[in-house]
Amino acid sequence: MPLGRRDRSPRPHLGPAFTNVFTANLSSSLGDGVARVAAPLLAVRLTDDPVLVSGIAAVALLPWLFFAIPAGILLDRIDRRHALALANGVRTLLALGLVALAWTDTLTIWSLYAVVFLYGAFETVYDGAIRAVVPSIVRPADLPRGNSRIEAGEITVQNFLSAPLTSALFAIAVVVPLGVGALGYAVAFVLAFFLPAAAAGEHRTHVSDDAPVRWYRQVADGFRYIWAHPMLRPLWLLSTVVGLCFSAATATLVLFVLDRLGVPEAWFGAFMLVGAVGSLVGAAAASPLKERFRSGPVMAVANLATPAALVVMGLVPVVPVAAVLLALSFGGTTVWNIHVMSLRQAVIPSRLLGRVHGTWRTLLWGVMPLGAFLGGLLARIDLTTPLVVGGGLAVVVGLVGFRFLARLPNPEDVGTA
């Protein structure tokens, strides 16, 4: 489609299968949101050691380093509807187990660590499965629209519903929000069985008698596919470097907001909701922007505007300015994520989606703890330094990659290999 030209034909509905996936993801997101708020709140009740409390966040990320690729292999070998059911079924049981431990007053910080780690392990299965199912039931041209709706649903449930709901219910009884989280996973577990056969993937045509040997060979399949692809390889490397810089820039954002901007602790949650609003606007705008300007130029601008907003935030540490720039940064990140995901889903063959997604996330999310550590070191100089340095480096990367990104096609204009 030429630049600036709009398709005036009515958009078709995404279909009942997508409605099922969207609803199941909303329910699962409720469980995720409850778990992410409940875990640190529980940790604070179990210990006053700040290292043990902060360890909850590290334990939640560790499974992505260890299980993202094995989860991807699993997704390419089994019915993806069963993978969705497996992930949410196990997380339902974990949530119920947490309820039992809290109810009997036998929960310890170490058992909480174990539950959080297992949650994360099965989140790698669920996240890969939901991303692999969408292109099986949605046309390539509609991938940005479908991903936008899923992203908007997750943001709404996790930021505007789960966080305040969990905090409020904790004041009543610890087991109440934990029970709500278990119910969310249980509903998503049931809905997985009502997906059509198209959502299963192409696993049946790729399982043979030498499956045990092929299992080990498949560990590197995702890497080989990305590295051999002229579009995915530079996009993966660029995404990883930007992710490292972004992680460094935002690692001490809470201290910047509280200590440098002077936002009272009681208002911190409300201030961060500005970012969630920006994410919602970005999710709503991603597909229309693609129709108006094409995916490539939209991605190039989003990749540049997002870190630039962080730099200005660090240079002008004033609450109203920071609030607007936070919304812009979060919105740009959401637009970027939607379009990158849509392009990957359109380019990668269904039989490889799990492995490639797992490999992509392993490197991208694996560098983020390193970025957070570097951001912490920069914050020792000044709380604005991570924003200026981390954001500034990301701007440089965005300028270097601008031409490459601007030439990227729409999802419907690429073919799978």
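**Entry 1: a helix pair.** I started with α3 and α4, and found that α3 passes α4 in a left-handed crossing. This is a predicted model, so I am reading computed geometry here. I noted α3 as residues 80–103 and α4 as residues 109–137; their axes come within 9 Å and cross at roughly 160°. Angles over 145 degrees count as roughly antiparallel, and therefore α3 and α4 are roughly antiparallel to each other. I then checked what lines the contact of α3 with α4: 20 nonpolar residues, two polar and three charged.

**Entry 2: the cores.** Next I asked which residues touch the most other members of the largest nonpolar core. They are L232, W336 and W360, in a core of 32 residues. I listed the elements that give two or more residues to this core: α8, α9, α11, α12, α13, α14 and α17. The most comes from α13, with six residues. Another core, of 25 residues, lies apart from this one, and I jotted down A43, L107, V116 and F170 among its members.

I went back to W360 for its partners beyond four places in sequence. W360 is in contact with I226, L232, L235, W236, S239, V340 and R344.

**Entry 3: a histidine.** I placed H339 in helix α13, which covers residues 319–347. Setting aside residues up to four places away in sequence, I found H339 touching P144, A286, K290, S295, V298 and M299.

Definitions and conventions:
Residues are numbered from 1 along each chain as its sequence is written. This is a predicted model: local features need pLDDT of at least 70, side-chain atom pairs count only at pLDDT 80 or more; totals for chains, interfaces and linings use all residues. Side-chain values use heavy atoms; hydrogens and water are left out. Helices (H or I, at least four residues) and strands (E, at least two) are DSSP runs, numbered from the N terminus. Contact means heavy atoms within 4.5 Å. A nonpolar core is a set of buried Ala, Val, Leu, Ile, Met, Phe, Trp, Tyr and Cys residues joined through side-chain atoms within 4.5 Å. Buried means under 20% relative accessible area, exposed over 50%, partly exposed in between (1.4 Å probe, protein chains only). Axes are lines fitted to C-alpha atoms, for helices over the stretch in contact, and angles run from 0 to 180 degrees between N-to-C directions. Angles under 35 degrees count as roughly parallel, over 145 as roughly antiparallel, 65 to 115 as roughly perpendicular and the rest as oblique. A crossing is left-handed if the near helix is turned anticlockwise from the far one by less than a right angle, and right-handed if clockwise. Ala, Val, Leu, Ile, Met, Phe, Trp, Tyr, Cys and Pro count as nonpolar, Asp, Glu, Lys and Arg as charged, and the others, Gly among them, as polar.
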